[in-house]
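Here is a short briefing on aromatic rings and their neighbours. Keep the sequence and the 3D view side by side as you read.

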Amino acid sequence: MELTNEEIRRYSRHLILPEVGLAGQKRIKAASVLCIGAGGLGSPIAMYLAAAGVGKIGIVDFDTVDYSNLQRQILHTDADVGRSKAESAKETIRGINPNVEVVIHNTRISSENALDLIRPYDIVVDGTDNFPTRYLTNDACVLFKKPNVYGSIFRFEGQASVFAPHLGGPCYRCLYPEPPPPGMVPSCAEGGVLGVLPGIIGCIQATEILKLAIGRGSSLVGRLLLFNALDMKFRELKLRRDPQCPVCGEHPTIKELIDYEMFCGIAPESQPAANPDEVTVQEMKKALDDPSLGIKVVDVREAFEYEIARVEGVPLLPMSELRSRFTELDPNTQYYLLCKVGARSHSAMEFLREQGFKYVKNVKDGINAWSDEIDRSVPRY
Ligand SMILES: [Zn+2]
């Protein structure tokens with residue numbers, strides 16, 4: 001592996017660092033990294049790794065760029081809205097450094113394709129935002145003995161670590177053996193995230209990758225770094241390997257990839273067939289248009305969200321006040337509950353049913369679906 005004169009000039013600030021030098025830069029050039037997700041975390045990761053001269057970067061993302069991504073996903077520009085994220089990422093990376101080989105995988109990582117996706121790379125970086133993919137990435141990396149550079153973000157807080165049982169550290173399952181019950185931990189789409197936060201956590205992940213590539217410094221193996229942007233504080237937890245861990249422990253029970261949607265309690269998407277607990281936004285519209293049906297629609301989002309977007313004629317009863325105010329509702333009336341994407345209204349439905357409400361249903365995909373399918377004048381947020 002040699003560097004051209006153009007590369008020597010490009011990487012000169014690395015080459016004059018004794019800890020990197022020519023040998024380290026060659027190791028960076030020889031490295032290959034698979035970046036799972038080209039979103040908030042994937043953006044700074046891919047851009048900095050490209051700038052630093054990582055030889056091969058793989059990008060896995062099946063999604064397309066949405067306006068709501070641009071607040072933090074700096075790989076993509078306004079002109080990319082509607083395009084494949086993987087394609088857009090490739091273009092940005094090539095613009096930063098044409099020496100980088102970019103391989104895009106315009107697909108969702110799954111138990112079926114994960115091993116083929118991961119096998120050709122030295123290092124895997126987790127830039128995902130959901131639990132099934134996070135456990136899948138973890139297990140695949142443990143099985144393949146690849147370092148898994150982990151990061152996650154929510155609202156103003158983030159965390160990062162390097163999971164690598166083959167280097168002596170724990171894996172993600174040692175830290176979190178079980179996923180949270182579905183709906184318990186809101187996603188960034190539901191709970192929000194400060195736009196710059198994935199920039200900070202993603203840069204920490206990119207730093208760890210470069211250190212792994214050059215073999216210098218002390219990595220985050222065995223340590224969980226916690227960051228709070230509001231307090232501007234970093235904390236650190238020591239992580240130990242769990243000998244009982246089902247994937248990296250002494251007697252592993254997981255020896256091949258499993259069904260991660262099922263493991264995380266998420267019903268497979270392939271069956272949109274009538275869920276008796278759910279109604280569509282079209283059915284919600286019928287209920288609003290025809291009061292003789294006797295169906296009431298209640299919005300369970302918070303007041304600040306109601307201020308951003310609301311459906312005419314739908315009153316607000318925020319989820320945070322539901323426990324103290326549910327007696328304002330009539331247990332014999334039929335209610336359709338609305339939130340942003342359908343997760344909180346599902347919890348609200350379960351709560352009301354426990355209180356004896358028999359005819360409560362959840363509006364599938366929430367007010368965002370209303371905005372997409374019924375009334376575009378309602379802002380999508
Ligand atoms: Zn483990």
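The structure holds 10 aromatic pairs. Rings of Phe, Tyr and Trp (its six-membered ring) pair if their centres lie within 6.5 Å; planes under 30 degrees apart are stacked, over 60 edge-to-face, and the rest tilted. This is a predicted model: local features need pLDDT of at least 70, side-chain atom pairs count only at pLDDT 80 or more, and totals for chains, interfaces and linings use all residues. Residues are numbered from 1 along each chain as its sequence is written, and side-chain values use heavy atoms, with hydrogens and water left out.

**An edge-to-face pair**
- Tyr135 and Tyr172 pair edge-to-face, at 5.1 Å centre to centre and 75° between the planes.
- Tyr135 sits in helix 7 (residues 131–144) and Tyr172 in helix 8 (residues 172–175), 37 residues apart.
- Helices (H or I, at least four residues) and strands (E, at least two) are DSSP runs, numbered from the N terminus.
- Tyr135 is buried, at 0% relative accessibility, and Tyr172 is buried at 2%.
- Buried means under 20% relative accessible area, exposed over 50%, partly exposed in between (1.4 Å probe, protein chains only).

**A tilted pair**
- Tyr335 and Phe357 form a tilted pair, with 6.3 Å between centres and 55° between planes.
- Tyr335 lies in strand 11 (residues 334–338) and Phe357 in the loop between helix 15 (343–354) and strand 12 (360–363), so the pair ties together parts 22 residues apart in sequence.

**A cluster**
- Tyr135, Tyr150, Phe163, Tyr172, Tyr176 and Phe263 form one aromatic cluster.
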